[in-house]
Amino acid sequence: MLRQFVIRKYKEVSRLVKPGSSVLDVGCNTGELVNFLPESDYFGIDINEQEIKILKKEGIKASLVDLNKEIKINKKFDYIIALDIIEHIINPVKLIFNLK
């Protein structure tokens, strides 16, 4: 049941993201969203060092980032996606301002 919910959520995101767009996946975890955005320029960030290493080995652009600290990303993105992470952030308003 939960898995079906996650798949529906990713499909909905993929419906909203235009092909060829750049996407920042905040709190990407396993980076599974990239599978639903095959035509995007995907970049994931997460605090989980092991997951980031795996993504990089798979050729997926990703970076280790502590979302509770200041985030410096020197690239603009067409879409910034933050699924299921806000409740884990100490100061979600600060995170949103850091990402804009």
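Modeller: Before we start, one definition: a residue is buried under 20% relative accessible area, exposed over 50%, and partly exposed in between. Please also keep in mind that this is a predicted model.

Colleague: Thanks! Is Ile73 buried, exposed or partly exposed?

Modeller: You will find Ile73 in the loop between S3 and S4. Its relative accessibility is 29%. Because that value lies between the 20% and 50% limits, Ile73 counts as partly exposed.

Colleague: Leaving aside its neighbours within four places in sequence, which residues is Ile73 in contact with?

Modeller: Gln50 makes a handy contrast: the C-alpha atoms of Ile73 and Gln50 are separated by 21 Å, and the two residues are 23 places apart along the chain. Once neighbours within four places are set aside, the contacts of Ile73 are Leu24 and Ile45.

Colleague: Leu24 belongs to the ends of S1 side chains that point one way. Which residues of S1 point the other way?

Modeller: In a regular strand, side chains alternate between the two faces of the sheet. Here Ser22, Leu24 and Val26 take one side of S1. On the other side are Val23 and Asp25.

Colleague: How many residues of S1 are buried?

Modeller: Strand S1 covers residues 22-26. Both sets of side chains, those pointing one way and those pointing the other, are buried. The strand is therefore largely enclosed by the rest of the structure, with a buried count of 5 of the 5.

Colleague: Which residue of S4 stands opposite Val23?

Modeller: With S2 (residues 41-46) it pairs in the parallel sense over 5 bridges, where Val23 faces Tyr42 and Leu24 has Phe43 as its bridge partner. With S4 (residues 79-81) it also runs parallel, joined by 3 bridges. On that S4 side, the residue opposite Val23 is Tyr79.

Colleague: Now the pockets. Which helix gives the largest share of the lining of the largest pocket?

Modeller: This pocket holds about 380 Å³ of space. Its lining has 20 residues, with Gly27, Asn29, Asp46, Leu83 and Ile85 nearest the centre. By class, the lining has 9 nonpolar, 5 polar and 6 charged residues. The largest share, 3 residues, comes from helix H1.

Colleague: How many charged residues line the second largest pocket?

Modeller: The second largest pocket has a volume of about 200 Å³. Our friends Leu24 and Ile73 are among its lining residues, along with others including Lys72, Phe77 and Asn98. By class, the lining has 6 nonpolar residues and 1 polar residue, and its charged residues number 4.

Technical notes
Residues are numbered from 1 along each chain as its sequence is written. This is a predicted model: local features need pLDDT of at least 70, side-chain atom pairs count only at pLDDT 80 or more; totals for chains, interfaces and linings use all residues. Side-chain values use heavy atoms; hydrogens and water are left out. On a 1 Å grid over the protein atoms alone, a cavity is a set of points where a 1.4 Å probe fits but cannot get out, and a pocket is an open set with protein on both sides within 12 Å along at least five of seven lines; lining residues have an atom within 4 Å of a point. Grid points are joined across faces, edges and corners, and a volume is the space filled by probe spheres set on the points. Helices (H or I, at least four residues) and strands (E, at least two) are DSSP runs, numbered from the N terminus. Ala, Val, Leu, Ile, Met, Phe, Trp, Tyr, Cys and Pro count as nonpolar, Asp, Glu, Lys and Arg as charged, and the others, Gly among them, as polar. Buried means under 20% relative accessible area, exposed over 50%, partly exposed in between (1.4 Å probe, protein chains only). Two strands pair if DSSP finds at least two bridges between them. Contact means heavy atoms within 4.5 Å.
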